[in-house]
Amino acid sequence: MISIIVPAYNSEKTIAACLDSLVAQTLGEKEIIVMDGLSTDKTIDVIRDFAMRFPFVNYHSEKDHGIYDAINKGIRAAKGEWIYIIGSDDRLFETTTLEKVHTLMRGVNSGAVYGSVKVIGDAGWAADGEIYGGEFTLEKLVQKNICQQAVFYHRSLFEQIGYFNINYPVCADWDFILHCAGKSSMKYIPLTIAEFYGGGTSKVVKEERFYAELASNLYAYFGLRIFKKEFAPAGGRFERLSQDYSAQGKKLKSYLFMLVAQKHKNQTPVSGKQAVD
C-alpha cells in the first residue's frame, strides 16, 4: 500500500483540487493522511468532507512546528509500505499515476523511487511548464534537489536513517534525499509524477542553516567518498568548513576538509539558489 501524506495550513483555495487528484487514482491500495496545522480558514471543512465520502482519507488537525514536523507525524501514522508526500496546492499528474508507479515498484530493492514533475507557475528553479528532474547523478544531486513531489520512500528508510530534520524549514527534503543516497539507494522511473505549483515556502523562507551545514552533512552521509569527483561542486563549502574547524582548534578535521577542498579546487561551489521544494 502507498500512504500519501498531505501537510496543509490555510489551504482552502487549493486543497480540494489536490485531494480530488488523489481520490481519483485508479490504484486501490492507498491511504491519504492530511496533516492540518490548525488552519484558521475553511481548510478543515474541506478535508472533513472528503473524509466523510472516502474511507481511505484520514486527517489530523493539531499544532505543529512547521511543514516537516507535520510530515513526520504523518509518516508515523502511516500504514503503507511506501510513503509519498504532496503539497496541498499540488496534484498528481494523471489518474493512473499511482497505479503506474505501483507496477514499476515491484521487485525494487531501493530506499526511494523517484520520477519528474511538471512545474506550474514561478518556482524560481524551473520554468513554467517545464518537466523538471529526470535522472539524478550524485554530482547533480549535490547541486540541486529532486522535487519532493516526485519521490516515493520505502518506510524502512525512516527506520534506518530517521525522519526529516525540522531545523531545515525548506531544505529538509533535500537533506533527507542526500542522506538516503549516502546510506541506501534510489531508483529513477521515467514518469511525470505530479504537477508542482510554484510560490510555496521556498519562495519566502531563507535556508541559511542547511547551506552552512551542507559540507559536514555530506561527510556524515557519505564518509570519505567526499573525495570523489562527484562532490567537486561542494568544494568551496569544504574549504570554509576546514577554516571553521581550524578556528576551533580541531586540527585533524581541519586538515581532512582542507584535503577535500584541494582535491576539488577550482570547481564551482554549490549556490544557494537551488530546487528546494
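Helix axes are lines fitted to C-alpha atoms over the stretch in contact, and the angle between two of them runs from 0 to 180 degrees between N-to-C directions. In this predicted model, α1 and α2 pack on that basis at an angle of about 20°, with their axes 10 Å apart. Since angles under 35 degrees count as roughly parallel, α1 is therefore roughly parallel to α2.

**Packing of α1 and α2**

- The crossing of α1 and α2 is right-handed.
- From α1, the residues I15, A16, L19, D20 and V23 make the contact, and they meet T43, V46, I47 and F50 of α2.
- Sorted by class, the contact of α1 with α2 comprises 7 nonpolar, 1 polar and 1 charged residues.

**Packing of α9 and α10**

- Helix α9 (residues 235–247) and helix α10 (residues 251–263) have axes that come within 8 Å and cross at roughly 160°.
- Because an angle over 145 degrees counts as roughly antiparallel, α9 and α10 are roughly antiparallel to each other.
- The crossing in which α9 passes α10 is left-handed.
- On the α9 side the contact is formed by G235, F238, E239, L241, S242, Y245 and S246, and on the α10 side by K253, S254, F257, M258, V260 and A261.
- The residues in the contact of α9 with α10 fall into 7 nonpolar, 4 polar and 2 charged.

**Nonpolar core**

- In soluble globular proteins, nonpolar side chains tend to be buried together.
- The largest nonpolar core here has 89 residues, and the members that touch the most others are Y153, F164, I193, L218 and F238.
- F238 of this group also belongs to the α9 side of the contact with α10.
- Neighbours within four places in sequence aside, Y153 is in contact with E81, W82, I83, I85, G111, A112, Q148, F158, F164, F176 and I177.
- F164, one of these contacts of Y153, is likewise among the core residues that touch the most other members.

**T97 in helix α4**

- T97 lies in helix α4, which spans residues 97–105.
- With a relative accessibility of 2%, T97 counts as buried, because buried means under 20% relative accessible area.
- When residues up to four places away in sequence are not counted, T97 touches Q25, L92, T192 and I193.
- I193, one of the residues that T97 touches, is also among the core members with the most contacts to other members.

- Most residues other than glycine have a negative phi.
- N10, although not a glycine, has a positive phi of about 50°.
- N10 sits in the loop between β1 (2–8) and α1 (15–23), and at 33% relative accessibility N10 counts as partly exposed.
- L38, also not a glycine, has a positive phi of about 60°.
- The loop between β2 (30–36) and α2 (43–53) holds L38, which is partly exposed with a relative accessible area of 44%.

- E62 is located in the loop between β3 (57–61) and α3 (67–77).
- The relative accessible area of E62 is 34%, so E62 is partly exposed.
- Leaving aside neighbours within four places in sequence, E62 is in contact with D36, G37, L38 and K73.
- E62 and I83 are 21 residues apart along the chain, and their C-alpha atoms are separated by 21 Å.

Conventions: Residues numbered from 1 in each chain as written. Predicted model: local features only at pLDDT ≥ 70, side-chain atom pairs only at ≥ 80, totals over all residues. Heavy atoms only, no water. Helix = DSSP H or I, 4+ residues; strand = E, 2+ residues; numbered from the N terminus. Buried < 20%, exposed > 50% of the residue type's maximum accessible area, 1.4 Å probe, protein only. Core = buried A, V, L, I, M, F, W, Y, C linked by side-chain atoms within 4.5 Å. Contact = heavy atoms within 4.5 Å. Parallel < 35°, antiparallel > 145°, perpendicular 65-115°, else oblique. Left-handed = near helix turned anticlockwise from the far one by under 90°. Nonpolar A, V, L, I, M, F, W, Y, C, P; charged D, E, K, R; others polar.
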